[in-house]
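Please look over the sequence and the model below before reading on.

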Amino acid sequence: MNETFALKNEYIALCDLLKVVGVVDSGGAGKQLVAAGEVSVDGQQELRKTCKIRPGQTVSGAGFSIKVVAADA
């Protein structure tokens, strides 16, 4: 799955982003995925569940890639 997510705010927590785009069914599942070391931000493994994801960053893992862009005002 390749997604582009339009962010309306300054940032979104990593586990929330995974839930919003449908990678996982719940925030808890997102936290488990991150804790297991299965998520990368800009190519680097990310273990912080609430890491702030901002426009311009790419979140990826097994079977998914999410490009975060700024939403048009």
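Which residue in β6 does Ser 40 stand opposite? In this predicted model, the residue opposite Ser 40 is Ser 60 in β6. The points below place this pair within its strands, and then turn to contacts between side chains.

**Strand pairing**

- Strand β3, which covers residues 39-41, and strand β6, which covers residues 58-61, run antiparallel and are joined by 3 bridges.
- Strand β6 also pairs with strand β7, made up of residues 64-70, and this pairing is again in the antiparallel sense, with 4 bridges.

**Salt bridges**

- The structure holds 2 salt bridges, and one of them is formed by the side chains of Glu 10 and Arg 54, with an N to O distance of 3.5 Å.
- Glu 10 lies in the loop between β1 (2-7) and β2 (12-13), while Arg 54 lies in the loop between β5 (52-53) and β6, so this pair ties together parts that are 44 residues apart in sequence.
- Glu 10 is exposed, with a relative accessible area of 55%, whereas Arg 54 is partly exposed, with a relative accessible area of 33%.
- Another salt bridge links Arg 48 with Glu 46, and here the closest N and O atoms are 2.8 Å apart.
- Within this pair, Arg 48 counts as exposed at 54% relative accessibility, but Glu 46 counts as buried at 10% relative accessibility.

**Cysteines**

- A disulfide is a covalent bond between the sulfur atoms of two cysteines, and the structure holds 0 disulfides.
- Cys 15 is in no disulfide, and the nearest cysteine sulfur, which belongs to Cys 51, is 10 Å away.
- Cys 51 is likewise in no disulfide, with the sulfur of Cys 15 as its nearest cysteine sulfur, 10 Å away.
- Cys 15 counts as buried at 4% relative accessibility, and Cys 51 counts as buried at 6% relative accessibility.

Key:
Residues are numbered from 1 along each chain as its sequence is written. This is a predicted model: local features need pLDDT of at least 70, side-chain atom pairs count only at pLDDT 80 or more; totals for chains, interfaces and linings use all residues. Side-chain values use heavy atoms; hydrogens and water are left out. Two strands pair if DSSP finds at least two bridges between them. Helices (H or I, at least four residues) and strands (E, at least two) are DSSP runs, numbered from the N terminus. A salt bridge is a side-chain nitrogen of Lys or Arg within 4 Å of a carboxyl oxygen of Asp or Glu. Buried means under 20% relative accessible area, exposed over 50%, partly exposed in between (1.4 Å probe, protein chains only). A disulfide is a pair of cysteine sulfur atoms within 2.5 Å.
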